[in-house]
Each structure stands twice: as structure tokens, then as C-alpha cells.
Amino acid sequence: ITDRFEHLRKATMKNLILDGYDHWTKLYMKPNDYSKPSIVSYKVAMRKMIVKDGYDIIINVGDQDSDFKGGYADMAFKLPDPYYLVS
């Protein structure tokens, strides 16, 4: 689940593969028309849908506090990011 817009899907997939992440099955990207001031509701809805589909999100890794709001993960790990802050 990413804060990147859908129109960046091709570039995002390329970056993931080049960085060695090539065994994923789904990439949830923010719709191009998303205009809410916060990404939290989108990310919570996506995690809720994943859990509803029968998956257990055992680890949620992110670099923003907003990545962890709303739950739906057994554990969370925040990575340092000195470059930007998302609300």
C-alpha cells in the first residue's frame, strides 16, 4: 500500500523489481483522483480489505506515523526518514 498515485504504477513496479522486490502479488496505489488532505483513510481501507480477503498482515513497515494509524497489522516498524513528513 503506497501513497504514490496510480499513474506512477509502471515506474513504481520497475523500482521495486530493480531493488529486488519481485515476489509480491498486489500493489495498492492511491487513485489519481484522490484529493483528501490525509492518506490515512485510504491506507486503513486497503488494510481492512486485505484482512477481509483472508490475509493476516503480520508486519506493517513505513516511514510516516500515518502509515500505522487505524491498525489491521500485528506489528509495526517505523523506518527513519529525514527528508519528508506526511500527515
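In which loop is Gly 70 found? In this predicted model, Gly 70 lies in the loop that runs between strand E3 (59-62) and strand E4 (75-78). The description below begins with the chain as a whole and then turns to individual residues, ending with a return to this loop.

The secondary structure of the protein chain consists of 2 helices and 4 strands. Followed along the sequence, these elements are arranged in the pattern β-α-β-α-β-β. The radius of gyration is 13 Å, close to the 12 Å that the globule rule gives for 87 residues, so the chain is as compact as a globular protein of that length. The C-alpha trace spans about 30 × 30 × 30 Å along its principal axes. Of contacts between residues at least 6 apart in sequence, 38% join residues that are at least 24 apart.

Of the 87 residues in the protein chain, 24% count as buried. The accessible surface amounts to about 6500 Å², and carbon and sulfur atoms contribute 58% of this area.

In soluble globular proteins, nonpolar side chains tend to be buried together. In the present model, the largest nonpolar core has 7 residues, namely Tyr 28, Tyr 34, Ile 39, Tyr 42, Met 46, Ile 50 and Ile 57. One member of this core, Tyr 28, is in contact with Ile 1, Thr 2, Tyr 42, Met 46, Met 49 and Ile 50, when neighbours within four places in sequence are left aside. Among these partners, Tyr 42, Met 46 and Ile 50 are also listed in the core.

Thr 2, another partner of Tyr 28, is placed in strand E1 (residues 2-5). Thr 2 has a relative accessible area of 16% and is therefore buried, the limit being under 20%. With neighbours within four places in sequence again set aside, Thr 2 is in contact with Leu 27, Tyr 28, Met 29, Lys 30, Tyr 42 and Lys 43. The C-alpha atoms of Thr 2 and Asp 56, which are 54 residues apart along the chain, are separated by 18 Å.

Leu 27, a contact of Thr 2, is also touched by Leu 16. The place of Leu 16 is in helix H1 (residues 9-18). Leu 16 has a relative accessibility of 24% and so counts as partly exposed, a class that lies between 20% and 50%. Apart from residues up to four places away in sequence, Leu 16 touches Tyr 21, Trp 24 and Leu 27. Leu 16 and Val 40 are 24 residues apart in sequence, and their C-alpha atoms are 23 Å apart in space.

Strand E3 contains Ile 59. At 42% relative accessibility, Ile 59 counts as partly exposed. Not counting residues up to four places away in sequence, Ile 59 touches Met 75 and Phe 77. The C-alpha atoms of Ile 59 and Ala 73 are 6.0 Å apart, while the two residues are 14 apart in sequence.

The loop between E3 and E4 also holds Tyr 72. Most residues other than glycine have a negative phi. Tyr 72, although not a glycine, has a positive phi of about 70°. The relative accessible area of Tyr 72 is 35%, and this residue is partly exposed. Gly 70, in the loop between E3 and E4, touches Val 44 and Arg 47, leaving out residues up to four places away in sequence. The C-alpha atoms of Gly 70 and Tyr 21, 49 residues apart along the chain, are separated by 26 Å.

Technical notes
Residues are numbered from 1 along each chain as its sequence is written. This is a predicted model: local features need pLDDT of at least 70, side-chain atom pairs count only at pLDDT 80 or more; totals for chains, interfaces and linings use all residues. Side-chain values use heavy atoms; hydrogens and water are left out. A nonpolar core is a set of buried Ala, Val, Leu, Ile, Met, Phe, Trp, Tyr and Cys residues joined through side-chain atoms within 4.5 Å. Buried means under 20% relative accessible area, exposed over 50%, partly exposed in between (1.4 Å probe, protein chains only). Contact means heavy atoms within 4.5 Å. The radius of gyration is taken over C-alpha atoms; the globule rule is 2.2 Å times the number of residues to the power 0.38. Accessible areas come from the Shrake-Rupley method with a 1.4 Å probe; for residues, only the protein chains shown count as cover.
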